[in-house]
Every structure is written in structure tokens, then in C-alpha cells.
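Dear colleague,

I am handing over the structure we spoke of, and below it I set out what was found. Please read the notes with the coordinates open beside them.

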Amino acid sequence: MRIIFMGTPAFAVPTLEALVGAGHEVVAAYSQPPRPGGRRGRELVPSPVQARAETLGIAVRTPVSLKGAEEQAAFAALNADVAVVAAYGLILPRAVLAAPRLGCLNVHGSLLPRWRGAAPVQRAILAGDAETGVGIMQMEAGLDTGPVRLEGRTSVDGKTTGALTDELAAMGAALMVRVLGDIDAYPPVAQPEDGVTYAAKIDKAEARIAFDRPAVEVERLVRAMNPAPGAWLEVAGERVKVLAAIADDGFDGTPPGTVVGSALEIACSSGVLIPTYVQRAGRGVTSAEEMLRGFPIPAGTRL
């Protein structure tokens, strides 16, 4: 098929690569404009999709918006059979949605209608969902409201956002190629009206660990915030990220936030959180055991 690809982060790259590998003609890649970054934060850095598309010899377009008539006309002039969208980050106007012959297909990282919106992977982990997945959705004007052509499922158990995102990205790429290989074999199925939830964008303030919650919930927070922005606690005025942790039983009745053992066991409203991998500000990732050798946090400390 003649395809317009629209995506921005690393999550979208496997789908772009799979389309090219399957022999489709990707006539253009749309991505968010380069953002300040680099070592000094001043260099404009292209998105992962832009960088990969350029190495594949695909023309890249990075409009700030698609609302203008000129941008919409340029999009339509590509005469695409379909637009494939994966975490693009811009709202597609109706004129854009309608321009390709087969419309726009989205790789969405949840089992719709569970977790419509910006952060479906993080919200699935935070909520303690047993499973999640990815759906190939026929896009319409509403926020992730379109019918689904095909979906895949996987367990959430013990996975971080980083690991789960990588898994869903690979799954979504394979499903998209499958649908495009025989699109009539996968007719769109309307989403159920029940069970709609919204995955709001993660606010950095959510990453601060509150120990007045059960340890199992705090452990989910640690996984949901890994790799970014990173769940954190404060010790002696210093911020320490917790990148991995274990939730355990015991110490009910101890004031939440109290260190109750030599291995940095921290009391929660129920159970204890035991950080296993941590990162002090400006330093590399270490085991909690290694950190404690040079940065002791004795039992009785209140965090």
C-alpha cells in the first residue's frame, strides 16, 4: 500500500520498520518537530521516528499543527491509501482523517475502551490491571473512540512501563502489518459502551512516593514511573529515585514512611516497601545495598 506514517517516540519506530519490511511504500513520515536536547539542552534533537525515517530514506514532515488548509492540502496531495498512526502527539482534524482512501489506522497501547488517552501503559500498571494489550483502531474524530480491527493481549505482572511499552510496540507493529496485509479480513468492531476510562498524562508530581498508601500500590508506582520520570523519595533533603522495589507484608501499625530495617525497608499504610535499585541525584543506578554503604539511612528515619 501507499502509506503515510505518523509517529514521534520510540514506541512508534517498530511499526515504521515493519511497514517498510513488509514492502509497503511509505511516502512520508510525519513527526513532532525537533525539541531542545543534547548535552547542554540547546541542540534541536529530532524525534526517534524522524531519525529512523531519515535513515530509511523516507521524506519527513514536522508541522507544528495540521489545522491549516495548506498543511491539509499537502497531506491530501500524497494520495495515500492509508495513514498509519502510532503515538504521533497531534490531533488529526477531520480533513486529515478522511484524506487517505482507507482512512487512518492507529496503534493504541491498551485494550479499548480501557485507557483511552495519553498514558495507557502507565495507568494500566498503576491501576493494578492483570492484563493490557494493543489495538489497531480505525480513527475517528473522538479521543480513541474508533472501532477496533484487531487486538493483542499480554500480562502486566511485574513489568515496568519501559518493558511493557517495548513489548506492546513490537506487538502493535506485527498486528498492523497483519491488518494491512488483508484489511477486509479485519472489519472494524465498535468499542463497548461500558468500561471507558481515561489515561490522563502523567504529571511529574505523581512520581513522589507517598508512603501513606499500601506497599503494593507504591510498588506499582515504582514500575509505572520507570524509566521516566522515576518514582522518588527524599532523604536529608536529597532526592533519591527508586527504580525497582519489592512490596512485602508486615509492620502494620508503624507510622508510614518510617525505615524499619537495615535494608531500607520502609513502612507503608499496610506492608513495607523494599527498594532494590536506586539512583541518587547526579549519580548512576546502584543497588540499594550499595547505596547504603556510603549513604546510610538507619532504622527509625522518617521519610
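Strands, in what follows, are DSSP runs of E of at least two residues, and helices are runs of H or I of at least four, both numbered from the N terminus. Please keep in mind throughout that this is a predicted model.

With that numbering, Trp-115 is placed in the loop between strand 7 (104-108) and strand 8 (116-117). Its phi is near 65°, a positive value in a residue other than glycine. Is Trp-115 buried or exposed? With a relative accessible area of 10%, Trp-115 counts as buried, since the term applies to anything under 20%.

A second residue that has a positive phi although it is not a glycine is Ala-236, at about 50°, and its place is in the loop between strand 12 and strand 13 (238-248). Ala-236 is exposed, its relative accessible area being 82%, and the cut-off for that word is over 50%.

The loop between helix 7 (215-224) and strand 12 (231-235) contains Pro-227, and Pro-229 lies in that loop too. The peptide bond that joins Asn-226 and Pro-227 is cis, with omega at about 20°, while the bond joining Ala-228 and Pro-229 is likewise cis, with omega at about 0°.

Turning to the helices, helix 1 (residues 13-21) packs with helix 6 (residues 161-181) at an angle of about 35°, the two axes being 8 Å apart, and the crossing of this pair is right-handed. On the side of helix 1 the contact is made by Pro-14, Thr-15, Ala-18 and Leu-19, and on the side of helix 6 by Ala-169, Gly-172, Ala-173, Met-176, Val-177 and Leu-180.

In helix 2 (residues 48-55), the buried residues are Val-49, Gln-50 and Ala-53. Why do they fall on the same side of helix 2? They do so because they cover an arc of only 100° around the axis. After helix 2 comes Gly-57, whose phi is positive, near 75°.

Terms used
Residues are numbered from 1 along each chain as its sequence is written. This is a predicted model: local features need pLDDT of at least 70, side-chain atom pairs count only at pLDDT 80 or more; totals for chains, interfaces and linings use all residues. Side-chain values use heavy atoms; hydrogens and water are left out. Axes are lines fitted to C-alpha atoms, for helices over the stretch in contact, and angles run from 0 to 180 degrees between N-to-C directions. A crossing is left-handed if the near helix is turned anticlockwise from the far one by less than a right angle, and right-handed if clockwise. Contact means heavy atoms within 4.5 Å. Buried means under 20% relative accessible area, exposed over 50%, partly exposed in between (1.4 Å probe, protein chains only). The arc is that of the directions from the helix axis to the C-beta atoms.
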